[in-house]
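Please consult the sequence and the structure shown here.

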Amino acid sequence: MLADAPQPSADASGFDLEAALARVAHWLPTQGPIKDFIHHNTLHAFQGMRFHEGVAAAARLYGARSSMPAAFFLEAYRAGRISDSAIDRALAGTCPDEARRASVREALLAGGLEAPTFAGRARDGLRSTWTDRLGGVALHRRSHLHLFRLFGGYLDQGLSTWQMPGADHAGFYDCVGDLVRASPLPLLPFDTPHARALLALPAREALLGALAKTVGRSDWYEPYLLETLLAQPGWAGLIAECERNAGLLLTPRRMTLVDCIAVTLVAEVGCLERELGTAFAPLSEAAIRPPDSGRPDASPERAESERLLSVWQEAFEWSYYEAFLGALRANTARSRQRAPAPSAWAVFCLDDRSCSLRRHLEEVTSDVATFGTAGFFGLDFFYRGVDDAVAGKHCPAPMKPRHLIVEEFELLHQKQLDRSVPWWRRALHLEGHANTLIGGWVLSYALGLGAAASLAANIFRPSLAPVIVPPLSTVNRDARFKLLRDGDARSPDGLWLGYSPEELAERIAAVLRSMGADHDWPRLVVLFGHGASSVNNPYFSAYNCGACSGRVGAPNARAFAKAANDPEVRDALRARGLAIPDSTLFVGALYDTTRDEATYYDLERLSERFRGPLAVFRRQFDDARARNAAERCRRFESVPLGAPPKRALEEVRRRSTSLFEPRPEYNHATNASCVVGRRALTADLFLDRRTFLNSYEPSADPRGEILSHVLSAVIPVCAGINLEYFFSRLDPRVYGAGTKLPHNVNGLLGVCNGIEGDLLTGLPTQMTEIHDPVRLLVVVEQSPAIALAAAKANPAVFEFIENEWVRYACLDPETREVSIFTDGRMAKVDGLAPPRWAWPTSLDAARQGRENLPIGFVWRLGSTPNEMSS
Amino acid sequence: MIETLLLTSVVAPLVLALVLAARLATREAIVARLAQGGAALSAATSLAAVALWVAEGQTPIVTPSHVLFQHEDYRFTFELALDRNSVVFLVLVQFTTGIVLRFSRFYLHREPGFRRFFATVLMFQAAMCILTLAGNLDLMFAGWEMVGLSSFLLIAFYRDRHSAVRNALKTYSVYRVADMGMLMAARLAETGSHRDLGLLLLLAAIGKSAQFPFSFWVPRAMEGPTPSSALFYGALSVHAGAYLLLRTFHLWGDVTQVRICVGLVGLVTAALCSMFSRVQPTIKAQVGYASVTQVGVIFVELALGLRDLALLHMVCNALLRCYQLLVSPSAVAYLLRRQVSAGSARPAEWHAAHARLLPRRWVSAVYVFSLSEGYLKDVLKSALWSPLRRLGGVVLPWRTVVFATGAVAAVVVIALALVGGNRASMLFAWGLVVLAFVCSGCALGSWRRPLYSVAWVSGSSLAVALAVFAMSPAQNGFAGISYAAAIAIVCALGLAGAAMVVPPGKAITRYAGFSESHPAATACCLVSALGVAAFPLLPTFLGEDLLLHDALRASVAASVLLTGALALNGYLAVRNFAFTFLGQKSRRDEAGAEAPREFALRS
């Protein structure tokens, strides 16, 4: 499209700004404010391309790495983490000519492969002319100093004490223009003649005028705009994202991409005028190289070394896939039964962190069955807790909920709760008045020694020190919310205030049926939403539930339990053929993944007959969570390997309250696979914490409709998490946020380096350092035909699969054959071997080391590993 | 006893810093143990000394002075002083360093620069101990310089990042201005008038404590890991200037003009920086400016003679800001939550509502002024830095002439010295001073060719040495010769290092980032740059002191200029190092090697 643009037409008339902007904005990162960190595919814009091509094209656009370095793969090969058979499988997929495979293999193993590096269009394109003319310093190095403080000052969500005059009612461009015009003092760099004149025009005209002045050829405008925005991807992306979703900012601001670009370009005119004189020549007269005006997603010319490295990548992935699929298949063959009628069900989020927790719970007792489903439990709503100013979305990011749940304190509790924070703690903790002249003067005397004491206390005894944000478990246990709607009550913005019993029954039935949890009811069904408490961590939201858009899943679990216990809803369920007996109680709970703690809700009015079973369950669960903590601790070098569960529990609690701990937990790091199927497929397998587990009953779904529904939540959430980790690990500098240690919070919107840096997107290295970049392998327990049809039923889901941004496999419950999606069909995978490892318990496995462990069997306590000797 | 204890508290971290810098330990656990051990030993001995001092009656004591170096009437003595001020500040130094070191031991876990970080922080700890305890200005200057250089190294900790390195250089350039004041003051301590001394000390304190008009560097220095920012710019480094004024109060406290200047500087800084702090959209900049605001107030308190209050304020402010910076990553979670649960309007909205009552012109002017940080950076840049750069542009085309002049001058001076006559006139010496600046200008202009640039800096330093040689009396050439010799060694090291990475004919881009690929050359050039900047552990430090000692006897005006040249050369040497070795290798320059054969892989 861009390449076909008509050649030189010096006037701006042939240039369609809106269309160009829409195209350009497509390539910007789509990360919102850091308070709702939602995992998504970093290269979402390239998802229409095949995976390796998309990554290569993105590398050229952003100046990123297109592959892990060859040394990484070679080392993995030497360490046995890449197997020879995996290389064979990778070659079979990538090198059609069998005769040449041996020579390719030789080249892979010879070493000396070097991936090409790219500067990215922002540095390599038209704008490099400015770099040359400014004596080797890129233009944006000058303009960003001025621009970022304007962006930050305007969008600030409550950090600075003085807000930009006019920010609350004027758009960004007008606000800056007014400031420049009203102020008798100059605002650099808008003090030059042309910059001043341009700023007097409306935003669009100023933008075009600045383009005419700096570029001078309308067919170069669009590539130049793209380059300019790619030089400040963090801010530009945030602004584009906030323009698309008005509700993202708590303090609303009228910021648009047009305003952002207009101010940017005018500021650059100012900078250029200062450096080169007012009559500087536009690029049309002086460009040292023509712009790269090809579409960024055109298939790139990939160098041979890049292709070889993508073979390495596939071999690396296959080494894991092979073992994983082999283990599932072997486990199917054994398919042992659980206790025939367990007395409790525990339902968890499909999160990879539940993978180990469920295993431990099952190891501790055979009397509990576990399930997994997307952690919003089918209830998509906006939720406003007592601590929230605006409602937050509690469902996967692509969904658009139509219900609002509001949490309130009950009158009874209101008196008992003193929610005000004492003045000294407010001043100590970064509120403005400690930073003023007089306030700071008085407060520094008052608080200096207190600060010292507080700091010393936290550093030597983290658990005792008062921390800034209280751990999750202490929050809001005493608040209530109304789930059932009064008539047709709506909120001012048109959301239903609560659900009707019918709506609830529909959602609950769908969730329970999809998990196959609709018969043989136990005494207790405990639903665990999850969140993570950490201190001194701007990325706190990324640690929460991905299926709840980076929020804590507790309200969803609590709402589900409340609804499923409600007589009206149960009636409605019965009408749908789902009769829940009165002897079954649902309990909502919160699992804190950092502290390995559980909080159970709404137990005050619990009837006597459930107390006993619940106490038993809690005891079992306490045992399981301590063991889970012990398993997690194997990744933390500060804890000795094989630390006993009790000690581990203390250790993880300490982490969650330590100011000095940049890794409160490892979150989704090492995630690699996802199973949609019965628990029997994965039970008794040590899958580490690498697998998302979603319960699904294939026999109840002969047409794949339930599967299709499940995939529509599972794939976007899990693939989003997986790909975000993948790319942040692949290039921590471009796709990730680099190391977390120097980060500086900017306007409560995000983090930057120093005070002059761009906002950082992606994940910091402290979250991704142990992650192996492997595409997610989704395995569904279904026949190939149904699996394929279910995937194809939802185009948004199928896009991930078709272009292999996730690998999609199925395990046929009848034949136990494994097939993987390749080139539009499900291709059978042969030669899978069962795991060679077995451990008595998960804790024995966890003692083996800190690295990723091979997949193996674990045995329930009390049973003997005699059948696995073969 | 007290002396031994204090000496241990200074030497222990220094020795361990050198051990770590020399890569004698590289494994994280060992590095951490060594660093914590060194810091703990230092803290324990300090506290023991303080306890003894308290037990012995809290009278100010000065340890017996050891003459470390003596030449004629120049003496470099080592003596430590313990009085109320230094005791309090010493405890503050040890407490915050100890806390931050322990914090960092976990915070920096798995960070690639772990060893480098702890080596630098230990050096900083030793430097702060020297600065705190020094019984004379010479010794204090040694600590002062080390604080400056460790600051530079930690701001540029992420050495592959452009803005980190640029801001490290910016900070260092301000520190060099402060060093000039301190260097002159140290030389004048015995002979100079209290007024001159006071003003020089004020200049030193202004630079180090980021007072008007140098306030802009503090927020920009927040580029290193958060604990290092907390330690340096929240707690200790920014208070070093105020502490200097407190310690030397007896030297300037009796001069009203100086007290007025100190008070004015403090007042202006406090007023301006509290405004700057309010508009900063980033948390660290806000806390940084808030800290500087309070240091301004401390200056005012000092000017009023409220020394105890100033000391208390220093301690409290340091601790509060250190804490605030360490918890700064919590800002998002905490402030968003607070905003919401308080249910009240944010302070910014409250202010905005009131601002509407004022004329728009004023409000805009105040906001623009604050957001532009009072134009301090821009004004200083165009007033001080740009003329120098222009000088570089002007003189560089004449470099052959400059070189020839220098060579001839050197020959003449040496010939005259050999003949043994009354060496040269003062006029000739002045000519050499100008030549020194011209050479510095050439160094400034030729940064693209590191080899030449290093040579020009050395040339400039040699010209300074020659000038002193020429202006001192005939029988006294020791200072000039010894400094020249020291510079020659340091320069040879620098040239060797530069030659290892960039061949003579090749040019580099700014922040070329060779440190990753050439660690040996980096070490050579770093030592060389430290040498030119007169790092206290290297011979050039004494040489520089001696040089000024001699120059002062000949002419005060000349020695002021020479100090300027030396400060400038130190900065240029560090800048050359940064331009060549720090930064990131440009991805455009290093095209990847292609695999030799075609394999017909599917794309």
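At what angle do the axes of helix α5 of chain B and helix α10 of chain B cross? In this predicted model, the axes of α5(B), residues 137–155, and α10(B), residues 237–247, cross at roughly 170 degrees and come within 11 Å. Angles over 145 degrees count as roughly antiparallel, and α5(B) is therefore roughly antiparallel to α10(B). On the side of α5(B), the contact is formed by B:L137, B:M140, B:W144, B:V147 and B:S151. The residues contributed by α10(B) are B:S237, B:A240, B:G241, B:Y243, B:L244 and B:R247. Sorted by class, this helix contact comprises 7 nonpolar, 3 polar and 1 charged residues.

The second topic is the interface of chain B with chain A. Chain B supplies 110 residues to the contact and chain A supplies 131 residues. Computed values for this interface are tabulated below.

| Property, chain B with chain A | Value |
|---|---|
| Buried area | about 11200 Å² |
| Share of buried area from carbon and sulfur atoms | 59% |
| Salt bridges | 6 salt bridges |
| Polar contacts (both residues at pLDDT 80 or more) | 27 residue pairs |

Helix α14 of chain B, residues 307–326, provides 13 residues, the largest share of the side of chain B that touches chain A. By class, that side of chain B has 53 nonpolar, 26 polar and 31 charged residues. A salt bridge joins the side chains of B:R110 and A:E637, with an N to O distance of 3.4 Å.

Technical notes. Residues are numbered from 1 along each chain as its sequence is written. Chains are lettered from A and ligands numbered from 1 in the order in which they are written. This is a predicted model: local features need pLDDT of at least 70, side-chain atom pairs count only at pLDDT 80 or more; totals for chains, interfaces and linings use all residues. Side-chain values use heavy atoms; hydrogens and water are left out. Axes are lines fitted to C-alpha atoms, for helices over the stretch in contact, and angles run from 0 to 180 degrees between N-to-C directions. Helices (H or I, at least four residues) and strands (E, at least two) are DSSP runs, numbered from the N terminus. Angles under 35 degrees count as roughly parallel, over 145 as roughly antiparallel, 65 to 115 as roughly perpendicular and the rest as oblique. Contact means heavy atoms within 4.5 Å. Ala, Val, Leu, Ile, Met, Phe, Trp, Tyr, Cys and Pro count as nonpolar, Asp, Glu, Lys and Arg as charged, and the others, Gly among them, as polar. Buried area is the accessible area (1.4 Å probe) that two parts lose on being put together, summed over both. A salt bridge is a side-chain nitrogen of Lys or Arg within 4 Å of a carboxyl oxygen of Asp or Glu. A polar contact is a pair of N or O atoms within 3.5 Å; within protein, one must be able to donate a hydrogen and the other to accept it, and residues adjacent in sequence count only if both atoms are side-chain atoms.
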